[in-house]
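Keep the structure in view while reading.

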Amino acid sequence: MKITATKIPDVLLLQPEVYRDERGFFLETYREELLKAHGLELNFVQDNLSKSQQGTVRGLHYQIEQQQDKLIMVMQGRILDVAVDLRRDSDTFGEYTATELSSEAKNQLFIPKGFAHGFSVLSEDALVYYKCSDYYFPDGERGLYWADPELDIDWQVDDPVISEKDQHQPRFKEIANKDLF
Ligand SMILES: Cc1cn([C@H]2C[C@H](O)[C@@H](COP(=O)(O)OP(=O)(O)O[C@H]3O[C@@H](C)C(=O)[C@@H](O)[C@H]3O)O2)c(=O)[nH]c1=O
């Protein structure tokens, strides 16, 4: 497993070892001790799977109570995975990092607590699977508007498909301090 930092040092790109033979391939999608060796003591308690059509943008989401570390991988297709730093004492507060993840590359993104997360679907559809370190808690769920001009994220999709909820999320400037980290 190769682990490298993205342009936001706490958001990590993971590249598991892929073993290929005449049957196909094999890889370990998660191995606790490897992340521990990298200083990450995680306790994943919930796994999620979503399928989305091309052009979908899901996010940007985070939880202020029951904060979640997330480990994201793509089982089918290609996505642009985005993390926005909402930690007020961070050098990269208000900045984002965008990483292409795909079933072909078999790469993964680790996003710690303190970030809003979202992704767009670049392929015909995408199956996205991710591990979370705390449970879904709707009352503590918060969002950030995906198309906030201040963030100016290039989602690399035309005619985005967005949930009703995500069309009405607050802009970065509108987020109260109590809803930041
Ligand atoms: C996220 C989530 C949703 N749900 C339900 C609530 C709702 O009825 C339905 C769809 O929920 P949403 O529209 O919020 O799904 P979605 O937009 O895919 O939400 C997810 O987006 C990505 C970017 C994340 O990072 C996740 O943490 C999560 O917020 O699924 C759960 O039961 N458990 C969960 O953990």
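## Tyr130 and strand 12

Tyr130 lies in strand 12, which covers residues 125-132. The model is a predicted one. Tyr130 has 22 other C-beta atoms within 10 Å, and the cut-off for a buried residue is 20 or more, so Tyr130 counts as buried.

Which residues does Tyr130 touch, once its neighbours within four places in sequence are left aside? The contacts are Asn48, Lys70, Leu71, Ile72 and Met73. Asn48 is also one of the residues around the ligand, and strand 7 spans residues 70-76.

## His61 and the active site record

The unreviewed UniProt entry gives the feature "active site" to His61 and Tyr130. These positions are spread over 70 residues of sequence, yet they cluster in space, with a largest C-alpha distance of 13.6 Å.

His61 belongs to strand 6. Is His61 buried or partly exposed? His61 counts as partly exposed because it has 18 C-beta neighbours inside 10 Å, while a buried residue needs 20 or more. Apart from neighbours within four places in sequence, His61 is in contact with Ala116, His117, Gly118, Glu141 and Gly143.

## Around the ligand

The shell around the ligand is made of Asn48, Ser50, Arg58, Gly59, His61, His117, Gly118, Phe119, Tyr136 and Ser163. By class, two of these residues are nonpolar, seven are polar and one is charged.

Which strands supply at least two residues each to this shell? They are strand 5 (46-53), strand 6 (57-63) and strand 11 (115-121).

How many of the seven residues of strand 11 are buried? Seven of the seven are, and the strand is described as mostly covered. In a regular strand, side chains alternate between the two faces of the sheet. In strand 11, one side carries Phe115, His117, Phe119 and Val121, and the other carries Ala116, Gly118 and Ser120. Both faces are covered, as the residues on each side are all buried.

Strand 11 pairs with strand 6 in the antiparallel sense, over three bridges. Within strand 11, Ser120 is the bridge partner of Val57. Strand 11 also runs antiparallel to strand 8 (residues 78-85), and seven bridges join the two. Here Asp85 has Phe115 of strand 11 as its bridge partner.

## The nonpolar core

The largest nonpolar core has 33 residues, and those touching the most other members are Val11, Ile72, Ala83, Val84 and Phe115. Several strands supply at least two residues each to this core, among them strand 2 (12-15), strand 9 (96-102), strand 10 (108-111), strand 11 and strand 12. In soluble globular proteins, nonpolar side chains tend to be buried together.

Val11 shows how such a residue is placed: leaving aside neighbours within four places in sequence, its contacts are Thr6, Ala83, Thr97, Leu109, Phe110, Ile111 and Phe115.

## Leu12 and a contact across the sequence

Leu12 is part of strand 2. Leu12 is buried because 20 other C-beta atoms lie within 10 Å. Beyond its neighbours within four places in sequence, Leu12 is in contact with Ile3, Thr4, Ala5, Thr6 and Phe110.

How far apart in space are Leu12 and Phe110, C-alpha to C-alpha? The distance is 5.0 Å, although 98 residues of sequence separate them.

Notes: Residues numbered from 1 in each chain as written. Predicted model: local features only at pLDDT ≥ 70, side-chain atom pairs only at ≥ 80, totals over all residues. Near = placed C-beta within 6 Å. Helix = DSSP H or I, 4+ residues; strand = E, 2+ residues; numbered from the N terminus. Nonpolar A, V, L, I, M, F, W, Y, C, P; charged D, E, K, R; others polar. UniProt positions renumbered as here; feature names shortened; annotations may be inferred. Buried ≥ 20, exposed ≤ 12 C-beta atoms within 10 Å, placed from the backbone. Contact = placed C-beta atoms within 7 Å. Pairing = 2+ DSSP bridges. Core = buried A, V, L, I, M, F, W, Y, C linked by C-beta atoms within 7 Å.
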